Amino acid sequence: MKTIICPNPNCGYRGTPRREARGSALLGCFLMFLFLLPGIFYFMLKSGWRYYCPRCGLQMGVQN
Ligand SMILES: [Zn+2]
């Protein structure tokens, strides 16, 4: 787990970020079931994680 430094000057949190999955796996499976290619594209675009500051909730950016 990487360590982040919050860019919010009022927060300045330093530590591990809160991690959330992007997109919905359920919706991806649904698209894959109905239309194979859009489902695959959905997973390609939506895979990865978002990182948030656990103190102030600021989004750090997206990493795949
Ligand atoms: Zn913060």
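In what order do the elements of the protein run from the N terminus on? They run β-β-β-α-α-β-β, where helices (H or I, at least four residues) and strands (E, at least two) are DSSP runs numbered from the N terminus. The model is predicted: local features need pLDDT of at least 70, side-chain atom pairs count only at pLDDT 80 or more, and totals for chains, interfaces and linings use all residues. Residues are numbered from 1 along each chain as its sequence is written, and side-chain values use heavy atoms, with hydrogens and water left out.

**View 1. Overall fold of the protein.** Two helices and five strands make up the elements of the protein. Of its 64 residues, 25% are buried; buried denotes under 20% relative accessible area, exposed over 50%, and partly exposed the range in between (1.4 Å probe, protein chains only). The accessible surface comes to about 4,800 Å², and carbon and sulfur atoms contribute 61% of that area, as computed by the Shrake-Rupley method with a 1.4 Å probe, only the protein chains shown counting as cover for residues. Among contacts (heavy atoms within 4.5 Å) with a separation of 6 or more, 46% join residues 24 or more positions apart.

**View 2. The zinc site.** The protein donors of the zinc ion are the SG atoms of Cys6, Cys11, Cys53 and Cys56, lying 2.3 Å from the ion. Donors are N, O and S atoms within 2.8 Å of the metal (3.2 Å for Na, K and Ca); water is not among the atoms, so sites may look incomplete. Angles of 105 to 113 degrees among the four donor atoms make the site tetrahedral, a class that requires four donors with all angles between 85 and 135 degrees. In sequence, the spacing of the donor residues is C-x4-C-x41-C-x2-C. Cys53 counts as buried because its relative accessibility is 0%, whereas Cys56 is partly exposed at 36%.

**View 3. Cys53 and the nonpolar core.** Cys53 is located in the loop between strand E4 (49–52) and strand E5 (59–63). Together with Ile4, Cys6, Cys11 and Tyr13, Cys53 forms the largest nonpolar core, which has five residues. Such a core is a set of buried Ala, Val, Leu, Ile, Met, Phe, Trp, Tyr and Cys residues joined through side-chain atoms within 4.5 Å. Not counting residues up to four places away in sequence, Cys53 touches Ile4, Cys6, Cys11, Tyr13, Leu58 and Met60. Cys11, leaving aside its neighbours within four places in sequence, is in contact with Cys6, Cys53, Arg55 and Cys56.

**View 4. Gly15 in strand E2.** Strand E2 (residues 14–15) contains Gly15, which is buried with a relative accessible area of 14%. Beyond residues up to four places away in sequence, Gly15 touches Lys2, Thr3 and Ile4. A distance of 9.1 Å separates the C-alpha atoms of Gly15 and Pro54, residues 39 apart along the chain.

**View 5. The salt bridge of Arg18 and Glu20.** One salt bridge is counted under the criterion of a side-chain nitrogen of Lys or Arg within 4 Å of a carboxyl oxygen of Asp or Glu. The pair is Glu20 and Arg18, whose closest N and O atoms are 2.7 Å apart. Glu20 is partly exposed at 33% relative accessible area, and Arg18 is partly exposed at 37%.

Notes: Tetrahedral: all angles 85-135°; square planar, octahedral: opposite > 155°, others 65-115°.
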